[in-house]
Amino acid sequence: MASELINRRHESDQPSADAYYPRPTKPSFTRPMRYMLREQRLIFVLVGIAIATLAFTIFPRSSISSYSDPFSAYGIRPEEEPYVPALQAQRRPSVEYTSRIGSTGGKIPLGLKRKGLRVVVTGGAGFVGSHLVDRLMARGDTVIVVDNFFTGSKENVMHHFGNPNFELIRHDVVEPILLETNVVGTLNMLGLAKRVGARFLLTSTSEVYGDPLQHPQVETYWGNVNPIGVRSCYDEGKRTAETLAMDYHRGANVEVRIARIFNTYGPRMCIDDGRVVSNFVAQALRKEPLTVYGDGKQTRSFQFVSDLVEGLMRLMEGEHVGPFNLGNPGEFTMLELAKVVQETIDPNANIEFRPNTEDDPHKRKPDITKAKELLGWEPKVSLRQGLPLMVNDFRQRVFGDQKKEGSSVTTKTTTSA
């Protein structure tokens, strides 16, 4: 009995295999960290955001792309800094605008960096359109050019190929109706602007004034247009386009801007488009007579393309619908223009008079008071400053074409000389 009790006591003194004895714990920091990460995640997120914001504020990005003027290649150096619309600057400040007006001394908060726009330019491979595309690309926008190359050229926008912010689509905006009128294209693009909530810029024309009885022409003048004349398809087409734009603006709340463009010239113009400046320059370079229709006393106003593009940019970024006259108030007769071309290219160029065309306007001069007051815009480049730049571009293309065409063109040039 005694031995049995002793044995049981001995067994009771032995540790059981299933018994739990916690080991002495050493001081550890992992448990509170795991607790914090598991239970206080929101606090850590907020702390992380605060640290990141502080870091970006103390160490801002040092490389801010500065604005580059696409017209600098043509020798245009504006005397004044580019205008920044006050309303636009207040509504959407941007690093790009700040750099353009020369304020490079301070730091730009991260939240004020300008967000690039997505812009569709119909006819963007044409004369004015390609220059507008240059401006948009220079400020960092994404640009989609839609052009059927009827008067435009792929060469005008080839320098943007390979840029991820540029896309070129060969398409006619009148599809699928296939009507050669500016009304259908305008209607299609207004519908697109309504669907996506975009701002729409209509490039109308001074032709809406017809053969004006008011001189100079102001935007409130309704014009004097022959609705069944030889020019009526274009004149009335643009007038109808303005009507459609205003109807979409009033009835569908589409943001529209309307520019009435007066005669514009400059590099990339179509050489044989029939416009008076391109006609005179091409004829003088080819040693052909300068053709003046009528008595040559009818007047026009001529603006360089960089001035026009600046006006379009300010109109699109401003808060005023328009219409706005965008043109150079400098008024020239056709004979005066021919003499300026003679002075620039060939003093011995002949002038040939031909019968005047039907419904040719006698006078054309814009009143740009409205653009000056509301857009802060006026042209900077005079005809004698801008014409040589256009001549240089035409000379390269005309003589290049002659080399391609061969001896037949050389014979023609020699004969007409």
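A: Let's begin with a definition: a residue is called exposed when its relative accessible area is over 50% and buried when that area is under 20%, with partly exposed in between. Keep in mind that the model here is predicted.

Q: Is Glu 343 buried or exposed?

A: Glu 343 has a relative accessible area of 54%, so this residue is exposed.

Q: What does the side chain of Glu 343 meet in a salt bridge?

A: Here is the general idea: side chains of opposite charge can pair when their charged atoms come close. In this structure, Glu 343 pairs with Arg 384, at 3.7 Å from N to O. Glu 343 belongs to helix α11 and Arg 384 to helix α13, so their bridge ties together parts 41 residues apart in sequence. Arg 384 is exposed too, at 52% relative accessibility.

Q: Which residue forms a salt bridge with Arg 231?

A: That partner is Glu 207, with 2.9 Å between the closest N and O atoms. Both residues lie in the loop between β4 and α8, and the pair ties together parts that are 24 residues apart in sequence. Glu 207 is buried at 13%, while Arg 231 is partly exposed at 24%.

Q: Where do Glu 236 and Arg 239 lie?

A: Both sit in helix α8, three residues apart, or about one turn of the helix. Glu 236 is partly exposed at 23%, and so is Arg 239 at 27%.

Q: Which residues are linked in a network of salt bridges?

A: Arg 135, Glu 310 and Arg 314 are linked this way. The count for the structure comes to 20 salt bridges.

Definitions and conventions:
Residues are numbered from 1 along each chain as its sequence is written. This is a predicted model: local features need pLDDT of at least 70, side-chain atom pairs count only at pLDDT 80 or more; totals for chains, interfaces and linings use all residues. Side-chain values use heavy atoms; hydrogens and water are left out. A salt bridge is a side-chain nitrogen of Lys or Arg within 4 Å of a carboxyl oxygen of Asp or Glu. Helices (H or I, at least four residues) and strands (E, at least two) are DSSP runs, numbered from the N terminus. Buried means under 20% relative accessible area, exposed over 50%, partly exposed in between (1.4 Å probe, protein chains only).
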